[in-house]
Structure formats: C-alpha cells, structure tokens
Amino acid sequence: MKFSDIPSHQTAKERLRAMIDNDRIPHAVLLEGPAGIGKFALARATAQYIHCENRTDGDSCGVCPSCVQHQSFNHIDTHFVFPIVKKKSGQTTLCDDYIDEWRDYLSQNPYMDFQNWMTALGSPTSQPTIYVDESDALIRKLNYTSHAARYKVALIWLPERLHESAANKLLKQIEEPYSDTIFILVSNEAKKILPTIYSRTQRIELKRLADNIIADDLTKNFSVDPADAMALAHIAEGNMIKAHNSLNLSRENHLFLDLFMTLMRQAYQRHVKELKEWSAEVAALGREQELRFVEYCQRLIRENFIYNINRPELNYMNREEAIFSSKFARFINERNVQNIMAELDNAYTDIAGNGNGKIVLFDLAVKMIILLKT
C-alpha cells in the first residue's frame, strides 16, 4: 500500500512523511476518525514507507523487496494486532491463528468493513476482542531486534477493543518502547481507548471523505453513473464502506421507490382500499426492512422539499427518484413538510417498539391523504 493508493488525507500524509524523512518518528502514533475513510490503509502505507529501501518522490517505491513483502502482508518486521474470537472457550487463541483469514480480509477490504471481519472470523454476531494473550505474544515478538529493517512496526487495529488486562500490559511497552519499535494504532472510537494509552500517543485525526472522492471511486471501480454515484456518496456521509454497501442495496432501493410512489399516488387519489393493501404489503417485509423503508421515505421527502428551491446541486437522488420528483415535489411544501416528517418519525418509533406494522403503516397512509392536500 502506497500513499498514492489512498484518496484524500493529504495533510496527514504530509505530516507522516515529514516525521519519517526527518527521522523524528514518534514511538506511538494514533490515527483516529470515523469508520470507512481509509485509516488502516494509511497506517499500512506508513509502515511500507518506513521500511521502503528506495523512497521516491515522497512515497514508497512499490518494487523493492520490502515493498513487495508489505503488499503480500508478509514483512518480517511488521506485526499485526486485531480483534479476534476464541476458537474454544478457555483455549489460548492469538491473531496468528487467524493470519490467513486476516490477509484475505486485508486484500479485499481496504476500508476495513468490521462486519466483513466478523464474518471472516466465522462469528458474525460475536464481539471480537484483543485478549491479554495477544499482548504477551506481541511483547515477545518485540523483544527481538528487527531483522530486515531499522524499525519494527506494530499495527494495532481497533485498540478500543483491547481487553482491559491486555491494554494495561501493552501500556508499559508503549511507555518504554525499544528504540527500534514503532506502534501505529488505528481507531474508529478513540474515546473508548484506555486513557493512559491514548495520552501516550501522537494523535492524527482524519476527517470523513468528501462526497466527490466517494463518487469518483464508485464511478471508476463500479461503473456507476456519475449522477447516481454522487447521490450515493451524499447518503454515505463520507463513509466508503456505506457507499460500497449501498450498491448491494440497489434492488431494495428500487422496491422502496415503488412503494413510496404507490403510497403517494394512492394517498393523493384517496384510494383507501388500495392503501390498506399497500400497508399489508410493506408490513410483510418484516420489522427491519419496514424501518429502512420509513427512513427511505424521510430521505425522499427531504429531497423533494429541497427540489422546490431549484438548486440541483443540493439534490442527491438517482435518476429514477429524480424523474418521479420532477412531478411530485410540488406537493411537498413549507405547509406540510414538517407534519409529514413528524408522522414518519412516529411510524418509525412505533414499528421499532414492536407495534403492529400493518396498523401503523395504514394509519400513516391515511394521514398522508390529508397532508398531501395541505
């Protein structure tokens, strides 16, 4: 992984590059920020730059033996620590026991989708942890001098998932590191890190990705139409994982748009019988999908209200949504938008509280009859 492979985060790259070039690398660096922005990729690029034998134009060369080893996750002086689940209760399980799964995961998940890692562990509903045995194993590894490079680098993914005993054991190593050891910690929730560890790191905060960065990725790597890509990027809120996952939900979005259009058309025409059938159809989807549908309705109501401002750059809809909204938006105005959103909020709360979906949705549909005429 090279710096040039990572979109955005130019300020952080320059700061890390300057530390390394001037041989003023802190013993412990923490890259913190929201999930899905490429923090661990930046950590990997930093480790590769540290070990590169022929740095060129502020980046690793990508072709020297050290870079080649980094690209296959096999560099002898790079140690990975990450959350795992115990294979058997009471049995010592280390990250090395999952190293094959970890390498496969890294090669397919540059933005570190945690749900995908849980699946790779074979336990998608578990709570992966970094156990005290892992701290012991890492300390043993760091006791040895570096083999192929000047520095050993320990990359710790999600230090907030360190078991308390593991964190306390690792703390001493971070406080009094060997002169040839560098820790790079990568956190999605830095506030959950043991405060004594957090205070002993040099922190670099990374911000969410810009919408155009995500849209470019979707266009180049998934051949998404530029307008649709920008709409998906806006919804993803700077999270590349969300944007990629949203591509898998496109079929669901088509269903939701059809249901939304049916609701609004039947409500406008006061077709109560059809609205009753509509509520039964949506309720049959199940509670989780019902909730996602209500959230989808809230987004489209907001987008249609904004549509009336005649500022296309403020709208984030795909082509099908935009075609429908070109005729529907005039029915969403300052007189009814707040009440419609309030009713959708109420429906979401009731469904989330195990209310009868068919009844809740039919009540919502009947209220739409009145609100659309306001």
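In which handedness of crossing does α14 pass α15? The crossing of α14 past α15 is right-handed, a label given when the near helix is turned clockwise from the far one by less than a right angle. This is a predicted model, in which local features need pLDDT of at least 70 and side-chain atom pairs count only at pLDDT 80 or more, while totals for chains, interfaces and linings use all residues. Residues are numbered from 1 along each chain, and side-chain values use heavy atoms, without hydrogens and water.

Helix α14 (residues 287-307) and helix α15 (residues 319-328) pack at about 60°, with axes 10 Å apart; helices here are DSSP runs (H or I, at least four residues). The two helices are therefore oblique to each other, the class left after angles under 35 degrees, over 145 and from 65 to 115 are assigned. Contact (heavy atoms within 4.5 Å) is made by Tyr296, Arg299, Leu300, Asn304 and Tyr307 of α14 with Glu321, Ser325, Ser326 and Phe328 of α15.

Two nonpolar cores, sets of buried nonpolar residues joined through side-chain atoms within 4.5 Å, are listed below, where buried means under 20% relative accessible area.

| Core | Size | Residues included |
|---|---|---|
| Largest | 58 residues | Phe40, Phe82, Trp102, Trp117 and Trp157 |
| Second, separate | 38 residues | Cys297, Phe324, Val360 and Leu364 |

The largest share of the 58-residue core, eight residues, comes from helix α2 (residues 39-51). Leaving aside neighbours within four places in sequence, Phe82 is in contact with Cys95, Tyr98, Trp102, Trp117, Thr129, Ile130 and Trp157.

His9, in the segment before α1 (10-21), is buried, with a relative accessible area of 8%.

Notes. Axes fitted to C-alpha atoms, helices over the stretch in contact; angles between N-to-C directions. Buried < 20%, exposed > 50% of the residue type's maximum accessible area, 1.4 Å probe, protein only.
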